[in-house]
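Let's take a friendly walk through this model together. Have the sequence and the coordinates at hand as you read.

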Amino acid sequence: MTNNRLPHRATVLAAGLVLAALAGCGSGGKDAPEAQGSKGPARPAKVAPAVPAAPPGLAGMPPLLDPNDVYAADRPNLLSPVVKDFPSRVYVPNTNSNTVSVIDPATYKVIDTIPVGVQPQHVVPSWDMKTLWVNNNRGHTLTPINPATGEAGEPVEVHDPYNLYFTPNGKYAVVMASMDRELVFRDPHTMNRVKTVPVTCFGVNHADFSADGRYFIVSCEFSGELLKVDTEKMEVVGQQKLPFEGAMPQDVKISPDGKTFYVADMMAHGMWVLSGDKFDTPKLLPTGKGCHGLYVSRDSKEMYVSNRGEGSVSVFDFKQNRLTKKWELPDGGSPDMGGVSADGKVLWLSGRYNSEVYAIDTTTGEQLAKIPVGGGPHGLAVYPQPGRYSLGHTGIFR
């Protein structure tokens with residue numbers, strides 16, 4: 001009997017110790033120690049501080065400063081220590097001249113012309129923001145420019161680099177190999193090839209990433225399609241044809257709240273609007289002839305939409321979910337790609353078919369300057385810009 005009782009007594013004793021421990025962690029209610037005749041006031045309960053769960057996102061991606069605004073790090077003049085001492089410049093790739101024009105935004109003058117490779121398409125800030133990469137599409141090279149000095153380095157061989165992006169964790173560069181019909185994941189520094197993802201659409205060119213960085217939406221210009229790509233797996237997980245005959249999608253941009261993607265379409269003359277998570281059939285919002293580039297204001301309230309075919313810029317209000325203004329360039333022109341100044345006061349756009357660059361006041365829509373550059377100016381980069389890291393293109397910063 002003794003052997004049978006010992007385990008029972010041990011169990012009772014252990015249970016009592018557990019109950020006592022639980023009572024000591026009470027919240028001061030009727031079952032708290034002072035209500036049971038204990039001497040002295042009850043000790044305050046020790047509650048472990050709540051640790052907010054990390055938002056689900058791409059491993060290694062810096063967390064958003066504001067979960068409700070992916071552009072919270074892009075406020076006026078909020079320059080990273082990495083770029084704060086770089087001179088303010090506008091770098092313009094001239095596709096037909098094989099050069100990059102460098103503009104001083106303070107004087108609206110071209111202060112340098114840099115020879116690069118064949119058919120430069122975009123000037124792209126690297127993820128770490130220390131290098132500007134010129135995408136020499138038909139020259140099959142990337143020319144690095146040091147934004148601290150404005151000097152170009154030795155070109156790096158990269159086949160068919162129409163456009164260039166970086167995964168939000170900085171792990172890979174993603175080359176939009178338009179004619180090769182490939183998405184090529186590369187080392188972001190050496191540009192060595194890591195993985196090639198063949199695609200069945202034609203003309204991959206522009207993209208933007210989801211708020212959590214887990215996927216990105218890609219436009220296919222020549223087949224009128226959109227792709228959804230899993231960032232970590234480096235795989236296409238969705239594909240759809242736009243519901244417009246002859247669609248030609250261009251720039252892609254996510255809304256500040258991360259819920260909506262906008263895709264410019266130069267043949268549908270407006271923006272396609274869709275949920276990236278659902279990747280459902282998008283709806284068309286007409287903006288103007290030749291809708292092309294999309295740029296978010298520094299306060300995350302508006303988006304500037306360049307209409308290349310009619311020489312205008314439409315202004316879209318995110319909160320009102322509608323177009324509120326349209327700015328007509330005084331001499332027409334062909335506003336294409338560009339970016340917003342660090343202080344948010346000037347929108348810079350290339351004039352693709354007019355060998356010029358436009359500086360536009362973001363408050364009034366007034367054209368502040370029209371600057372002659374080389375032939376076929378395309379994806380210009382305003383630099384430096386606010387933000388902690390770059391996702392590529394002409395400057396998508398988080």
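Val70 sits in the loop between helix H1 (2-24) and strand S1 (89-94); helices (H or I, at least four residues) and strands (E, at least two) are DSSP runs numbered from the N terminus.

Beyond its neighbours within four places in sequence, Val70 has contacts (heavy atoms within 4.5 Å) with residues including Leu64, Ala211, Phe397 and Arg398. Ile254 is another one of these partners; 184 residues separate Val70 and Ile254 along the chain, yet their C-alpha atoms are 8.5 Å apart.

Residues are numbered from 1 along each chain as its sequence is written, and side-chain values use heavy atoms, leaving out hydrogens and water.

The chain's average pLDDT (the predictor's confidence in each residue, from 0 to 100) is 90, and 86% of the residues score at least 70. Over residues 1-49, pLDDT stays under 50. Where pLDDT is low, the predicted coordinates should not be read in detail.

## A four-stranded sheet

Four strands form an open sheet in the order S21-S22-S23-S24, with antiparallel pairing (at least two DSSP bridges between two strands). Strands S21 (291-296) and S24 (322-328) are at the edges with a single partner strand each, so one side of each has no neighbour in the sheet.

Strand S22 (residues 302-307) pairs with strand S23 (residues 312-317) over six bridges in the antiparallel sense. Ser306 has Val313 in S23 as its bridge partner.

Note on methods. This is a predicted model: local features need pLDDT of at least 70, side-chain atom pairs count only at pLDDT 80 or more; totals for chains, interfaces and linings use all residues.
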